Amino acid sequence: MRLEGKVAIVTGSTSGMGRATAKLFAQEGAKVVVTGRNAERAQAVVDDIKAAGGEAICVLGDASDPAFAEEIVNKTIEQFGTIDILVNNAGMLSMSPLMDVTLEEWDKVFRVNVDAALRLCQLSAPVMKEKGKGVIVNVASVASFAAHHGFAGYISSKHAMAGLSKSMAWELGPEIRVNAIAPGCIHTAMVDSIGGVEALQFMVDNCPVKRVGQPEDIANVALFLATDDSAFIDGQVIKVDGGFEA
Ligand SMILES: NC(=O)c1ccc[n+]([C@@H]2O[C@H](COP(=O)([O-])OP(=O)(O)OC[C@H]3O[C@@H](n4cnc5c(N)ncnc54)[C@H](OP(=O)(O)O)[C@@H]3O)[C@@H](O)[C@H]2O)c1
């Protein structure tokens, strides 16, 4: 029970690696706040956690709306009284090439992938600072380090997430540690939406572990970063990618 008594917000936890993280955190004793837009999947995660003896609530809304961050933090405080851990995981793809991406699409991907994390950080950090301790884990990407054709908005947003994570670490320490996870190819609904693992086979071929990642591979690292096992790790963007292009 490495997170006993802790309260954790995990955004984008109705699916994929966020869901795996929410369930693992609850299994380790945390009271978990599940967020996303899909009510049915959110409730299913809450039900699974409760059935396993844990505590969870869900807060539904769209991460592109700044008011949603306030609702998440207010409901967390109302229900559980504090915030110890914030995992900024909710994210969306943007599949337009550079010359075609509209400002609307660009704005949306930044609102969901970056702005929501900033706003949640600004609202949660004072609570953590006051209690003298807290952890923020951001979900970046291998696309935080390198670019490929056709994902300009997504790649730019994930580069921004890396910079934001380092800025958070500098400005929120020493009470709050902030790190980011940079997943490689992880088999989730996001990957399925662009043709599944087959479409990203080059990522599997180009990593020494020769397999696609699973949501639990990310949840395990999020747990490590949320505990004092990682007490001397701060401001890092940690690749969890099976050694992709190592
Ligand atoms: N899968 C990969 O290979 C990979 C690689 C690198 C980085 N990542 C990053 O990992 C994170 C999790 O992705 P995943 O692969 O686990 O994808 P996923 O299974 O599609 O999960 C995405 C989660 O984000 C939520 N979300 C998306 N847009 C939202 C919005 N506008 N408002 C509120 N919630 C929203 C979804 O909730 P609802 O559907 O309920 O709205 C869902 O819970 C993302 O930040 C993604 O960019 C993924």
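This is a predicted model: local features need pLDDT of at least 70, side-chain atom pairs count only at pLDDT 80 or more; totals for chains, interfaces and linings use all residues.
1. Helices H1 and H9. H1 spans residues 16-27 and H9 spans residues 215-226. The two pack with their axes 8 Å apart, at an angle of about 50°. That angle makes H1 oblique to H9. The crossing of H1 past H9 is right-handed.

2. Residues where the helices meet. From H1 come Gly 16, Met 17, Arg 19, Ala 20, Thr 21, Leu 24 and Phe 25. In H9 they meet Pro 215, Glu 216, Ile 218, Ala 219, Ala 222 and Leu 223. By class, this contact has nine nonpolar, two polar and two charged residues.

3. The ligand shell. The ligand is surrounded by 28 residues, of which Gly 12, Gly 16, Gly 36, Arg 37 and Gly 91 are the closest. H1 and helix H6 (189-192) each supply at least two residues of the shell. Sorted by class, the shell has 13 polar, twelve nonpolar and three charged residues.

4. Leu 225. This residue is found in H9.

5. Contacts of Leu 225. Leaving aside neighbours within four places in sequence, Leu 225 is in contact with Val 135, Val 137, Asn 179, Ser 230 and Ile 233. Of these contacts, Asn 179 is 46 residues from Leu 225 in sequence, yet their C-alpha atoms are 7.3 Å apart in space.

Notes. Residues are numbered from 1 along each chain as its sequence is written. Axes are lines fitted to C-alpha atoms, for helices over the stretch in contact, and angles run from 0 to 180 degrees between N-to-C directions. Helices (H or I, at least four residues) and strands (E, at least two) are DSSP runs, numbered from the N terminus. Angles under 35 degrees count as roughly parallel, over 145 as roughly antiparallel, 65 to 115 as roughly perpendicular and the rest as oblique. A crossing is left-handed if the near helix is turned anticlockwise from the far one by less than a right angle, and right-handed if clockwise. Two residues are in contact if their C-beta atoms, placed from the backbone, lie within 7 Å. Ala, Val, Leu, Ile, Met, Phe, Trp, Tyr, Cys and Pro count as nonpolar, Asp, Glu, Lys and Arg as charged, and the others, Gly among them, as polar. A residue is near a molecule or strand if its C-beta atom, placed from the backbone, lies within 6 Å of it.
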